[in-house]
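Subject: Structure handover

Hello,

Here is the structure for you to work with. My notes on it are placed below, grouped by topic.

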Amino acid sequence: MTAHLSNGSAAANGDSSASSGHSIKDLPKSNNFTSHLLPDPAFPTPSDSHKAPREKLGPRLVKGALYTYVRPEPTQEPELLAVSPCALEDLNIASQETEGEDFRETVAGNKIIAWDENTGEGIYPWAQCYGGYQFGQWAGQLGDGRAISLFEIPNQETKIRYELQLKGAGRTPYSRFADGKAVLRSSIREFIVSEALNALKIPTTRALSLTLAPHARVRRERTEPGAIVARFAQSWLRIGTFDLLRARGDRALIRQLSTYVAEEVFPGWESLPALLPDGEPKDTAISVQRGITSQEIQGEAENQENRFTRLYREIVRRNARVVASWQAYAFMNGVLNTDNTSIFGLSIDFGPFAFLDNFDPNYTPNHDDHSQRYSYRNQPSIIWWNLVRLGEAMGELMGAGARCDETEFVEEGVRKDWVDELVARAENLIQKIGEEYKAVFLAEYTRLMTARLGLKETKDGDFDTLFSGLLDSLEALELDFNHTFRKLCNIKMADLETEEQRKD
């Protein structure tokens, strides 16, 4: 990990790319999220929010919106503790920029660098509105209670757009009874694990910097020092974003959000995976056709698929791959609520996470999880449970099939004589895509475990015999999961030539 951490200056560590990249001020910026989606009607413009006293912003219920404009709280005498050089490179920020006031004040929440207070022009920070199922129970409105997004960073070369966000930067309308702060110990953990997962090529949100708030005294079980993590992701949208809209019966916003995800988060409707050909999902789900136009309908009757079904399939496939990565590296999120499940298929929101040491599939790092709902063993099934909740939120759009754009359906909803057909189709599609989820998960898990074992190819039955046998042995002998793979690196092929050698 030392290659991914610095004390705030990559140049000091001899980074040859120290002079490349932009300053934080000149960095290209966008605000696609706030440009395309509905703001909090109580503060519909940045100026409305900026002029209001912070206590007027909330906490409170926010309806008919996906975000609220809100500024970070000032941090007195912030101290930049660490910066990720890899994050600087991926965001195209010059590494020597970390020594400058603009960078340090921006990541501490003290400067709104993309907005001009005098003219009211530019990009103003915002916090997202969403809900979620927590431990299987509906929790109502949640939202970014201590996270505030600053702006998006589009990269013209890679065509990737990241949303930069501060965690621990103060209260928002979604803070409920909390203080909007983050303690130093949990901030260090999030900073490290974000970049560690990225280094392991596990899809994840990222961390740019870690800033100490030396005068903050944050009350948790005890009073602790505060900190702010500047983190970024292609999208911070969650399944819980859809959950809240469904709970409130906001059909129009579900449709608008779905369209935004397809057109702005993903590369467009034509990038989404098409209807699978006939056959077993394990044979047909791995390589999929794309390039289907938004208006094209595939399949017949219960299997009729429109563009919203293809969007759901993409989200499902992404999450199948990320949970396969977790299982292959024995990573546990610890709190896989729907508000902690990414639409983009990322590891997100790191609370009581852990990597397994001694292999115990029933282990969970969450001490409040007495039923072991979020244990290592249960992660694949819990992610699918969350995806079914997303299917319920999108079910009306999916079940509408070829009629999803009819004026009556869009403006008034589903006629009574059409309900049974729509529900049957939606349920069938969710069930079918569930089989696809299993196939994609198993294929990705098999690929990763094959690589971890140093094998050149996969054989039929490896999952049931080789992988399952290995895991059974690890559990029975209480062996460390990741250390086992490191130990295997010390075994030479010449030592395994005979049956007797292999037994030894």
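What follows covers the pockets, the cavities, the salt bridges and one hairpin. Please keep in mind that this is a predicted model.

The largest pocket has a volume of about 1400 Å³. Its lining comprises 43 residues, and those closest to the centre of the pocket are Arg-146, Lys-167, Arg-220, Gly-351 and Pro-352. Among the elements that each supply at least two lining residues are strand 10 (182-183), helix 6 (184-199) and strand 12. Helix 6 gives the most, with five residues. By class, the lining of this largest pocket has 17 charged, 14 nonpolar and 12 polar residues.

The second largest pocket holds about 740 Å³ of space. It is lined by 19 residues, with Leu-453, Leu-455, Leu-488, Ile-491 and Leu-496 closest to its centre. Two or more lining residues come from each of helix 14 (462-477), helix 15 (481-488) and helix 16 (499-503). Helix 14 has the largest share of that lining, four residues. The class division for the second largest pocket is 10 nonpolar, five polar and four charged.

Cavities

A search of the whole structure for cavities of 30 Å³ or more finds three. The largest cavity contains about 90 Å³ of space. There are 13 residues in its lining, and Glu-152, Glu-163, Gln-234, Ser-235 and Tyr-260 lie nearest the centre. The elements that contribute two or more residues to this lining are strand 9 (161-167) and helix 8 (251-265). Six of the lining residues of the largest cavity are nonpolar, three are polar and four are charged.

For the second largest cavity, the volume is about 40 Å³. The residues lining it are Arg-403, Glu-406, Glu-408, Phe-409, Gly-413, Arg-415 and Trp-418. Of these, four are charged, two nonpolar and one polar.

Salt bridges

Side chains of opposite charge can pair when their charged atoms come close. The structure holds 31 salt bridges, and three of them are described here.

Asp-349 and Arg-238 form a salt bridge in which the closest N and O atoms are 2.6 Å apart. Asp-349 sits in the loop between strand 13 (331-332) and strand 14 (354-355), and Arg-238 in the loop between strand 12 (223-233) and helix 7 (239-247), so the pair ties together parts of the chain that are 111 residues apart in sequence. Are these two residues buried or exposed? Both Asp-349 and Arg-238 are buried. The two residues also belong to a network of salt bridges that links them with Lys-167, Glu-190 and Arg-231. Lys-167 comes up again in the pocket description above, as one of the residues closest to the centre of the largest pocket.

Arg-251 forms a salt bridge with Glu-396, and the closest N and O atoms of the pair are 2.5 Å apart. This pair links distant parts of the chain, with Arg-251 in helix 8 and Glu-396 in helix 11 (residues 379-399), 145 residues apart. Arg-251 has a relative accessibility of 26% and therefore counts as partly exposed. Glu-396 is also at 26%, so it counts as partly exposed. The cut-offs behind these labels are under 20% for buried and over 50% for exposed, with partly exposed in between.

Lys-111 is partly exposed because its relative accessibility is 29%. Asp-102 is partly exposed as well, with a relative accessible area of 24%.

Hairpin

Strand 6 (residues 131-134) and strand 7 (residues 137-141) run antiparallel and are joined by three bridges. Which residue of strand 7 is the bridge partner of Gly-131? The partner is Gln-141. Strand 6 and strand 7 form a hairpin with two residues between them. Phe-135, in the turn, has a positive phi of about 55°.

Regards

Notes. Residues are numbered from 1 along each chain as its sequence is written. This is a predicted model: local features need pLDDT of at least 70, side-chain atom pairs count only at pLDDT 80 or more; totals for chains, interfaces and linings use all residues. Side-chain values use heavy atoms; hydrogens and water are left out. On a 1 Å grid over the protein atoms alone, a cavity is a set of points where a 1.4 Å probe fits but cannot get out, and a pocket is an open set with protein on both sides within 12 Å along at least five of seven lines; lining residues have an atom within 4 Å of a point. Grid points are joined across faces, edges and corners, and a volume is the space filled by probe spheres set on the points. Ala, Val, Leu, Ile, Met, Phe, Trp, Tyr, Cys and Pro count as nonpolar, Asp, Glu, Lys and Arg as charged, and the others, Gly among them, as polar. Two strands pair if DSSP finds at least two bridges between them. A salt bridge is a side-chain nitrogen of Lys or Arg within 4 Å of a carboxyl oxygen of Asp or Glu. Buried means under 20% relative accessible area, exposed over 50%, partly exposed in between (1.4 Å probe, protein chains only).
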